[in-house]
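Morning, everyone. Please have a look at it first.

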Amino acid sequence: MDKPFSVKDSVNLPRTDFKMQANLVQNEPKMLQFWESIGLYEQILRKNEGRPPYILHDGPPYANGNIHLGTALNKVLKDFVVKYKSMKGFYSPYIPGWDCHGLPIEKRMETELGFGSKQMDILEFRQHCRRYAEKYVGIQREQFKRLGVFGDWANPYLTMSHSYESTIARVFGDFVKMGNVYRGAKPVFWCISCQTALAEAEVEYDDHESPSVYVKFPAKSDFSRVIPEVAGKPLSVVIWTTTPWTLPANLAIALHPDYDYVAVEIGDEVLVVAEGLLSFFLQDTGLAQGVVLAQVKGAVLEGQICRHPFIDRDSVLVLADYVTLEQGTGCVHTAPGHGQEDYVTGQRYGLPVLCPVDNEGRFTDEVPHWNGMEVFAANEPIVEHLRRNGSLIRATAISHSYPHCWRCHKPIVFRSTKQWFIALDLNDLRAKALEEIKRAKWYPEWGETRITNMVANRPDWCISRQRSWGVPITVFYCSKCDGVLMDAEVVAHVAGIFEHEGADAWYRRGSTELLPPGTACPQCGHTEFDKEYDILDVWFDSGVSYEATSRNRPELPWPSDMYLEGGDQYRGWFHSSLLASLGCRDTAPYREVLTHGWVLDKDGLAMSKSRGNVIEPETVIKQSGAEILRLWVGSVEYREDVRISDEILSRLREAYRKIRNTLRFLLGNLAGFNPARDALDAAALLEIDHWALARLHQLLARCGQAYDRYDFHIIYHSVYQFCSVDLSAVYFDILKDRLYTAAADSPERRSAQTALWTILHHLVRLLAPLIPFTSEEAWQHMRPMADLPESVHLADFPVPKAAWLDERLLAKWDRVLAIRELVSKALETARQEGRIGNSLEARVSLGASHDDTAFLSDLAGELRYIFIVSGVTFTERPGAGDGQPEVTVDKAPGAKCERCWNYSERVGTFDDFPTVCERCIPVVRALAGKA
RNA sequence: GGGCCUAUAGCUCAGUUGGUUAGAGCGCACCCCUGAUAAGGGUGAGGUCGAUAGUUCGACUCUAUCUAGGCCCA
């Protein structure tokens, strides 16, 4: 026997297995397994095979350490783009990559293996580096996959793969062929104890005691031509230095063009120092007060010549804006072979890069008195020499921050070394780069300005590093005449060997086994060669990434469509990729470049260990799930710097719940609905259902455009608002009465369900690129209802249907909803006064203007459902303004229907179901009859 | 110090070519509901648009300076 019929149970309440609790942390990994099991990434590619490609080329993160929020932001943004383009029908393979060579791994290995590794066989050392990089590629790969990022994770590109290393060498060969590679001098940090060049990252700053000396450089040219007041008087320019050992390499004195310099007469001589430092100078040297004869701008003195204090050589006065008035004399001793700034200034003035110091830090024969002496030991005799020849004004000692070697902790020197460069102003390389920058599209637009300024002003590209873990610069030196063998065909030959054996071949093979047979020195004809041991800058490695990735994959056309990285890459990858591609392809590797900002803490400060404000992606994933992290990426204006904090994450969890509950309500009220069988034509829909679709139309139009502009946060905000306001607060609230109490298969209910299904079907696909896990979860719940693809990510991106949009309807409902708001206010007042609780306890009467009355009577029977009250009456009141009807609330007459909770005077008048209203009675009777 | 960028309610964002009392959602406070229920609804209070000076009849919107912050250089 069936259960007796129950009026209470005769309502159609929502039913769904789609849980209110997402349990993202537990369920996301299961979803990833599902995707893996159906080969989703491959299916997506297969679906779009043969259609127009859209290639987002991945910039390679460095294979070291765990991913941080910046990397997560970056990968998720890329995933938004790729998923969107894929749903739009583009063929969009995503090949992730890693940057594997370079100093950080090398440093790490040296620390792990002990500094004795310097003596280790280089091949063995490189093997250790490779293993380390492999390990972190594995770790990061899993972390990226965990974020729900789709891609060819099984076949990423690695800058250390044989084929990639071969491409690096090949592109180097292209530059050789172009004729832009040259060998020049450049100062680098150098540890004289370890006898090695040091990178910036290997330098530590510690306090160190140095001499502090003021030295006179006597005038050689006639200063009175620009300072008439000093005519006929002996004049010297005074410099200050803490490294007297660099004086033998002095070639210039730098002044600031805008500062004032004074010629001050002290005793029988005239000294030139900066005006702003004069009193400090006199005090620090103990000189007597002098008479200021004249004052001129530094710029006026440019080109004047002094004599070196103890070498028969000129020292020219040059201008540089890094000169400060913090210390010294404002006249800066300049030795282009011993300082970065000095070097740059020297380049500008065409000075040679003089560096009379060898690998061990000893003066060469170029230095007369002290050749063979270690430079730090030479400080004292040099000062003594200056004192004796009268050039010294004063010598004291100073304790200051000075660079030290991270390995041996001894003070280091700045020393010029031979380095390899790519010339930018040869063969129009720079001009072409600037042209290509103009051809590409930069988002945001200021990116173009930023990279243009950099490319226009940068010096030649120094591509050599004195390192082991990388791709060697494949040039040779004649072992007889020491001439350089740099030949494009030779490089190509070596690159061919790398293709099979990797760059290790450079170290494994002797030069004869690397060179094409019969290679002879172009200078002397000798046939034995030594190899270059410098490696290429890792920016060169990553710069050729698209060439290396697309070379063996015919499905990847040149150039790619998009590069998407953080703003730091204007200097980095956007830049090196542009230059490298001009070497091998003559065009930029990208059509569009999109940049994102930096991830900052809640106060807008950069995250750092020392500040203790670092949030790890792993923490967020463990606490809230990757979906929340993705939603964060989707919610912020990422082209500017973005903030993250516990508060922000907690807001996002709330927003997520709202969106999730919206999907759940949709699914719940579609239980048993079969769109193919039950859906109504758009024309047959009730007006408010049509309104909901019109709003959906607006949402889709807005969001489609936002996706095209990569304005993801617009989508998040629009969808969230749509869920909260249009659906939850308005449409669903009004709809509940109809969904729950109308007969299950009545046209009114089917009309609502048709709208709900349409909203669900479109909303889920709209959200799929942003929140792929939840969209998929909802999609799987929809699949039993209709014939749908196996995954939401195999579905087409939703486009609005023209038939839904009805501007007049939208305008009309704007007006209805405005009046609804007035009713809500009035109901709230009644509630505050204790006259009603639930709005269904109320009856509302509207005193409206003539226009409004006409407008409202059109909706007559619907109004009580729209306002969610038990009755609405309206009367024309000449006093009321348009759009401002007077709302009166009183208690609804009659009794509450047990079934639909509306109040009706007819409740109790039906003998068979005395607790039910006139609206429910036919439904109940039908159901009871069936039962 | 240089190049580029940012600064609108507690949070995340809108604010079109300068034009009436600066918007949204969320959060918050108070209330209602208990048939979306670790849900749902209503009402309400929140901003001298980083600061200062200027251009203008009028500036969140233009200019300059400053402050705070970010990336990249030096």
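A polar contact here is a pair of N or O atoms within 3.5 Å; within protein, one must be able to donate a hydrogen and the other to accept it, and residues adjacent in sequence count only if both atoms are side-chain atoms. His713 gives an example: an N or O atom in its side chain is 2.6 Å from a phosphate oxygen of RNA strand B.

Some housekeeping. This is a predicted model, in which local features need pLDDT of at least 70 and side-chain atom pairs count only at pLDDT 80 or more, while totals for chains, interfaces and linings use all residues. Residues are numbered from 1 along each chain as its sequence is written, chains are lettered from A and ligands numbered from 1 in the order in which they are written, and side-chain values use heavy atoms, with hydrogens and water left out.

Back to the RNA. Tyr740 has a polar side-chain atom 2.9 Å from a phosphate oxygen of RNA strand B.

How many residues surround RNA strand B? There are 57, and Gly604, Glu637, Arg664, Gln721 and Arg899 are the closest. Of the RNA atoms that come within 4 Å of the protein, 78% belong to sugar and phosphate. A residue is near the strand if one of its heavy atoms lies within 4 Å of it.

By class, this surface has 24 charged residues (Asp, Glu, Lys and Arg), 18 nonpolar ones (Ala, Val, Leu, Ile, Met, Phe, Trp, Tyr, Cys and Pro) and 15 polar ones (the others, Gly among them).

Which helix supplies the largest share of the surface near RNA strand B? That is α23, with twelve residues. Helices (H or I, at least four residues) and strands (E, at least two) are DSSP runs, numbered from the N terminus. α23 covers 712-741.

Now the sheets. Two strands pair if DSSP finds at least two bridges between them. One open sheet has three strands in the order β16-β24-β23, with parallel pairing. Its edge strands, β16 (441-443) and β23 (560-566), each pair on one side only. Three bridges connect β16 with β24 (residues 590-596), and Lys441 stands opposite Glu592 in β24.

The other open sheet has the order β20-β19-β21, and its pairing is antiparallel. Three bridges join β19 (residues 476-478) to β21. Cys478 has Phe529 in β21 as its bridge partner.
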